[in-house]
Amino acid sequence: TVRKGVKHIVSKSNDYYIVAEDENEVMAGCCLLHLQFSDWNNSYYLVLESVYVEASYRGKGLLKTLLTFAEDFAKEHNNISEVRSSVSNQNKTMIKAVEKLGWIATPYGIYGKKVN
């Protein structure tokens, strides 16, 4: 399922898929960068989705590298006003990690409804 999802993103969208490599280890970490337009701000948000760091690489700064890459990408594009990522409220480790890097919780909760 993941392989099909990645192939879809790479071949059919304007999103960016970032993969962190370590020598021959292809997937030390990854994330999907998705541009979302905000009519309220007349600018884009760069939304990080599917953020993942392989367990053996956690705590070694790879998350910081991925987030910094996204922040730098956004700074290079004047029409991006904010970088965002949803984090499960149950993932206390990830919340602590992103807050340590200066990210703050937004007032927007995410709601969803399965349709298929």
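This is a predicted model: local features need pLDDT of at least 70, side-chain atom pairs count only at pLDDT 80 or more; totals for chains, interfaces and linings use all residues.
Strands, in the sense used throughout these legends, are DSSP runs of type E with at least two residues, numbered from the N terminus.

Figure 1. Is Ser38 buried or exposed? Because buried means under 20% relative accessible area, and the relative accessible area of Ser38 is 7%, Ser38 counts as buried. The side chain of Ser38 reaches the backbone nitrogen of Asn41 at a distance of 3.2 Å. When residues up to four places away in sequence are not counted, Ser38 touches Ser43 and Tyr45.

**Figure 2. The largest pocket and its lining.** The space in the largest pocket comes to about 910 Å³. Its lining is made up of 28 residues, and those that lie nearest the centre of the pocket are Ser85, Ser86, Thr106, Tyr108 and Ile110. Two or more residues of this lining come from each of strand 2 (25–38), strand 3 (43–53), strand 4 (80–85) and helix 3 (92–100). Which of these elements gives the most to the lining of the largest pocket? It is strand 4, with 4 residues.

Figure 3. The lining of the second largest pocket divides into 11 nonpolar, 8 polar and 6 charged residues.

**Figure 4. The chain around the close-up views.** The protein chain has 3 helices and 4 strands, which follow the pattern α-β-β-β-α-β-α when read along the sequence. The radius of gyration of the chain is 15 Å, close to the 13 Å that the globule rule gives for 116 residues, so the chain is as compact as a globular protein of that length. Taken along the principal axes, the C-alpha atoms fill a box of roughly 45 × 35 × 35 Å. Of the 116 residues in the chain, 27% are buried. Among the contacts with a separation of 6 or more, 43% are between residues 24 or more positions apart.

Technical notes:
Residues are numbered from 1 along each chain as its sequence is written. Side-chain values use heavy atoms; hydrogens and water are left out. On a 1 Å grid over the protein atoms alone, a cavity is a set of points where a 1.4 Å probe fits but cannot get out, and a pocket is an open set with protein on both sides within 12 Å along at least five of seven lines; lining residues have an atom within 4 Å of a point. Grid points are joined across faces, edges and corners, and a volume is the space filled by probe spheres set on the points. Ala, Val, Leu, Ile, Met, Phe, Trp, Tyr, Cys and Pro count as nonpolar, Asp, Glu, Lys and Arg as charged, and the others, Gly among them, as polar. Buried means under 20% relative accessible area, exposed over 50%, partly exposed in between (1.4 Å probe, protein chains only). A polar contact is a pair of N or O atoms within 3.5 Å; within protein, one must be able to donate a hydrogen and the other to accept it, and residues adjacent in sequence count only if both atoms are side-chain atoms. Contact means heavy atoms within 4.5 Å. The radius of gyration is taken over C-alpha atoms; the globule rule is 2.2 Å times the number of residues to the power 0.38.
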